[in-house]
Amino acid sequence: IAGLFMRPLGGWLVARRRITTVALMRLSQVLNLAGLALLAWPGRPLPVALLGGIAVGIGVSLPYAAVFNTAAASLARAPGAAQSLTASGGTFGAVVGAPLMGLAIERLGFSAAWLVIAVIPLAALVGTFFMLGEERFGTDVPSTT
């Protein structure tokens with residue numbers, strides 16, 4: 001449900017230059033990490049778990065346009081290939097993440113599973129400090145919004 005609203009909102013923010021693509025990606029990863037921390041909180045009450053789920057839903061959906069626009073701008077001669085590689089990374093994460101989370105639940109407990117998954121947004125957040133956003137490439141790439 002978050003994707004229905006957050007993907008267009010993220011695209012609108014990027015298209016209207018309300019926020020840079022890198023800043024939106026960073027904000028989203030911080031939301032992901034906060035949400036996962038709430039989900040990992042042992043014995044958390046239901047409202048806390050719901051808030052964590054909402055934060056993760058927003059965090060994974062909001063930067064969609066920023067990520068794909070930046071991918072296309074980073075390889076302006078083959079924007080489709082860049083976007084395809086980006087999508088492949090997300091698919092790989094979903095396919096590998098679910099079994100890893102199951103293994104973590106089995107071996108380390110429910111809370112630890114959320115922390116294992118937090119490695120992904122943490123790596124993405126760190127990565128944003130070493131990348132250029134769409135705006136910095138100086139190309140006029142058609143928007144995904």
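1. Helices, as the term is used here, are DSSP runs of H or I of at least four residues, numbered from the N terminus. On that basis the protein chain of this predicted model reads α-α-α-α-α-α-α from the N terminus on, which amounts to seven helices and zero strands.

2. On overall dimensions, the radius of gyration of the protein chain is 16 Å, close to the 15 Å that the globule rule gives for 145 residues, and the chain is therefore as compact as a globular protein of that length. The C-alpha trace, for its part, spans about 50 × 25 × 25 Å along its principal axes.

3. Turning to packing, 34% of the 145 residues in the protein chain are buried, and, of the contacts between residues at least 6 apart in sequence, 71% join residues at least 24 apart.

4. As for the surface, the protein chain has an accessible area of about 8,400 Å², and carbon and sulfur atoms account for 72% of that area. The side chains include 9 positive and 4 negative ones, with the centres of the two sets lying 4 Å apart.

5. On confidence, the mean pLDDT of the protein chain is 89, with 94% of the residues reaching 70 or more. Among the elements, the highest mean pLDDT, 96, belongs to helix 2 (residues 21–40), whereas the lowest, 87, belongs to helix 5 (residues 79–108).

Note on methods
Residues are numbered from 1 along each chain as its sequence is written. This is a predicted model: local features need pLDDT of at least 70, side-chain atom pairs count only at pLDDT 80 or more; totals for chains, interfaces and linings use all residues. Side-chain values use heavy atoms; hydrogens and water are left out. Helices (H or I, at least four residues) and strands (E, at least two) are DSSP runs, numbered from the N terminus. The radius of gyration is taken over C-alpha atoms; the globule rule is 2.2 Å times the number of residues to the power 0.38. Buried means under 20% relative accessible area, exposed over 50%, partly exposed in between (1.4 Å probe, protein chains only). Contact means heavy atoms within 4.5 Å. Accessible areas come from the Shrake-Rupley method with a 1.4 Å probe; for residues, only the protein chains shown count as cover. Lys and Arg count as positive and Asp and Glu as negative; His and the chain ends are not counted. The place of a charge is taken as NZ of Lys, CZ of Arg, CG of Asp or CD of Glu. pLDDT is the predictor's confidence in each residue, from 0 to 100.
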